[in-house]
Amino acid sequence: MKVPYKTAVRLFAIYLCVLLVITTTAGLANEKLARKEAEETVVILQYKNPAFYELLRENATRENKTVVQYYYEKLIEVRGLNKNVIVQGIQLLKQSWEEIRPIKTVNLGRAVLITLGVLLSSMLLIIFTSITIGMKIATKPSLLDLVESLARFFNGIPSW
């Protein structure tokens with residue numbers, strides 16, 4: 001019996017791409033949140049603690065950066081995160097796994113049943129909604145032509 005190496009490599013490549021997308025998304029989301037937090041904190045510091053803001057401004061000017069850029073870099077440094085988005089995403093995923101690990105009160109069997117229940121109910125909802133919409137579209141010829149042309153278009157898009 002032959003081992004399907006090509007299929008295994010394709011599956012591995014797909015999972016690797018999905019992992020890359022997830023880590024990049026996590027890193028980009030964290031970067032956006034950290035930048036927004038830095039902007040808001042700098043504005044608050046301007047009014048609530050002008051002495052500290054002046055110190056930040058002096059240090060940022062010394063490094064030829066804006067106050068927000070300087071504060072953002074210090075914020076990332078304090079959190080122990082890398083500036084690279086992909087590495088930052090991996091660090092965040094590791095950090096979230098470490099936060100979940102000590103929770104011992106979660107019943108894995110119950111969690112799996114709840115997840116499967118949610119998946120089943122969403123699938124049933126999608127099926128019933130699509131059947132209802134499909135029946136309504138089938139009775140109207142103008143909508144049927146539109147849906148058929150859209151179906152041809154989306155079937156022509158290559159997918160993997």
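Here is a short tour, going from the whole chain down to one residue. Keep in mind that this is a predicted model. The chain has six helices and zero strands, and its radius of gyration is 25 Å, while a compact globule of 160 residues would have one near 15 Å.

**Fold and overall dimensions**
- If you follow the C-alpha trace along its principal axes, it spans about 70 × 50 × 40 Å.
- Take the contacts between residues at least 6 apart in sequence: 58% of them join residues at least 24 apart.

**Surface and charge**
- Of the 160 residues in the chain, 15% are buried.
- On the charge side, you can count 20 positive and 13 negative side chains.
- The centres of those two sets of charges lie 10 Å apart.

**A closer look at T23**
- You'll find T23 in helix α1, which covers residues 5-48.
- Is T23 buried or exposed? T23 counts as buried because its relative accessibility is 4%, and the cut-off for buried is under 20%.
- Which residues does T23 touch, leaving aside its neighbours within four places in sequence? T23 is in contact with V85, I86, G89, I90 and L93.

Conventions
Residues numbered from 1 in each chain as written. Predicted model: local features only at pLDDT ≥ 70, side-chain atom pairs only at ≥ 80, totals over all residues. Heavy atoms only, no water. Helix = DSSP H or I, 4+ residues; strand = E, 2+ residues; numbered from the N terminus. Rg over C-alpha atoms; globule rule 2.2 N^0.38 Å. Buried < 20%, exposed > 50% of the residue type's maximum accessible area, 1.4 Å probe, protein only. Contact = heavy atoms within 4.5 Å. Lys, Arg positive; Asp, Glu negative; His and termini not counted. Charge placed at Lys NZ, Arg CZ, Asp CG, Glu CD.
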